[in-house]
Amino acid sequence: MAHVLAAAEPLTLLKRPPPQNDGFGDDNGSTEEKAPKARRRESDPAAALAAARHEFGEHGGVNMSIEASATFTVMEPDTMRRLFTGELGPERGDLYIYSRHFNPTVLALGRQMAALEGTEAAYCTASGMSAISCVLMQLVGAGGHVVASRCLYGGTHALLSRFLPRTSGVQATFVDADDEAAVRAAIRPGETRVVYVETMSNPTLAVADIPMLARVAHEAGAKLVVDNTFTPVVVSPARLGADIVVHSVSKFISGGADIIAGAICGPASLVNSMMDLQDGALMLLGPTMNAKVASELAARLPHLPLRMQEHSRRAAEFAARMRRQGLRVTYPGLPDHPHHARLRAMGNPGYGAGGMLCLDMGTEERANRLMYHLQNTTQFGLMAVSLGFYDTLMSCSGNSTSSEMDPEDRARAGISPGLIRMSVGYNGTLEQRWAQFERALALMQQQDTPAAAGKYGKPV
């Protein structure tokens, strides 16, 4: 099972990187070192996944075997020493030490993730937050500075605004990532190590201008890290200039709401540095993915493109119909979305605008009332956090996934009290689900006070 990481250059694995090495083999953007030989990569994520090496089972099974061992044996005593010095390893002799370091099954999934995102390598972790945390700790370092979008998943916002400042002195400046002048003004020369955004912001669905942000970050000697959780397959940030792409694999990639996992996609040198025995964030913090989880995810990735197409188709149709009902709906696939043209220009053709939409009901009470009827009266969907499930999931972001943010930060990010974040599923028929939505909406509007009916519209 050699070459499972599909890296353009061999992994050094255990050798300690040179001082001040951030994992990219350069010093703040320097290009003095010889670049790896260019390798042809498919531009369509589905084609890239299909072109990636297929791992067969130990006895010829069409699915790869699960390597469940925590530790690995060697035939000669000196082999152990050579493994720990980096002379041998997964890419040099198909040898392994311990599954917190590298595991053959998890590495095979990493190869698939690298193909999906068009990066040189990838490493899969135990959760999306562990992927984000380890990348930021590895790249930024104690006392470093991050420029971040002011609209982020609440957990990421808390990590940057509270946890990392308290534990390592990291400072973060939150800006309107759509404002190039504001991003440039927030960068501190010699201090800013990372510009951090989400391809599609959680929950407001603003679409980041990745080529612009990559240009600004690179001019400042910083790295652009992009969370692509909302838009796998739909957008490929690394092909647009992002240095690292992170995922909560628990969401659309898993698709079953039954797995917690994450992924880091980027240069092989970054994976090397993060797995270093002395100062690698992944190696020392140990957010290890279970091999059985990796095997399950590897079997789901091939049909991710088909799932994303149907998520997008349903979301686009629901958003258009909600708009015709006079509802305040946000969906990047609607022509009047401020970033509609941007997403069309950046997106991979054929995958739509993603499966997420937002519905602003004006007040938290109205949002809760609609969700109650959608779940408990008409069975349209489920009140739950997370996203990417085959059934529709919905939550009021202000009191759930964005609750870590202060009210002032939520207001600046455009997260209103009545905002419903909806992950549109694909089970049942479209017309069946739409009829359920209409019935729930009518019931909710019938319960409106005269003042609310006058402000937010009459019953349908």
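Student: Which residues in H5 are buried?
Tutor: In helix H5, the buried residues are Gly154, Gly155, Thr156, His157, Ala158, Leu159, Leu160 and Leu164, where buried means under 20% relative accessible area, exposed means over 50%, and partly exposed is in between, using a 1.4 Å probe and protein chains only. Helices here are DSSP runs of H or I with at least four residues, numbered from the N terminus. This is a predicted model, in which local features need pLDDT of at least 70, side-chain atom pairs count only at pLDDT 80 or more, and totals for chains, interfaces and linings use all residues. Residues are numbered from 1 along each chain as its sequence is written, and side-chain values use heavy atoms, with hydrogens and water left out.

Student: What span should H5 have, and how far apart are its end C-alpha atoms?
Tutor: The 15 residues of H5, residues 154–168, should span 21 Å at 1.5 Å a residue, and the end C-alpha atoms are 20 Å apart, which agrees. The expected span is 1.5 Å times one less than the number of residues in the helix.

Student: Where is the kink in H5 centred?
Tutor: The kink, of about 40 degrees, is centred on leucine 160; the bend at a residue is the angle between axes fitted to the seven residues ending there and the seven starting there. Just after H5, glycine 169 has a positive phi of about 70 degrees.

Student: New topic: how many salt bridges are there in the whole structure?
Tutor: A search finds 20, each being a side-chain nitrogen of Lys or Arg within 4 Å of a carboxyl oxygen of Asp or Glu.

Student: Which residue does arginine 321 pair with in a salt bridge?
Tutor: Arginine 321 pairs with glutamate 317, and their closest N and O atoms are 2.7 Å apart. Both residues lie in helix H11, residues 304–324, four residues apart, which is about one turn of the helix. An α-helix has 3.6 residues a turn, so residues three or four places apart point the same way.

Student: Is arginine 321 buried or exposed?
Tutor: Arginine 321 counts as buried because its relative accessibility is 13%, whereas glutamate 317, at 28%, counts as partly exposed.

Student: And which helices hold arginine 215 and glutamate 180?
Tutor: The side chains of arginine 215 and glutamate 180 meet in a salt bridge at 3.6 Å, N to O. This pair links distant parts of the chain, with arginine 215 in helix H7 (residues 210–219) and glutamate 180 in helix H6 (residues 180–186), 35 residues apart.

Conventions. Helix = DSSP H or I, 4+ residues; strand = E, 2+ residues; numbered from the N terminus.
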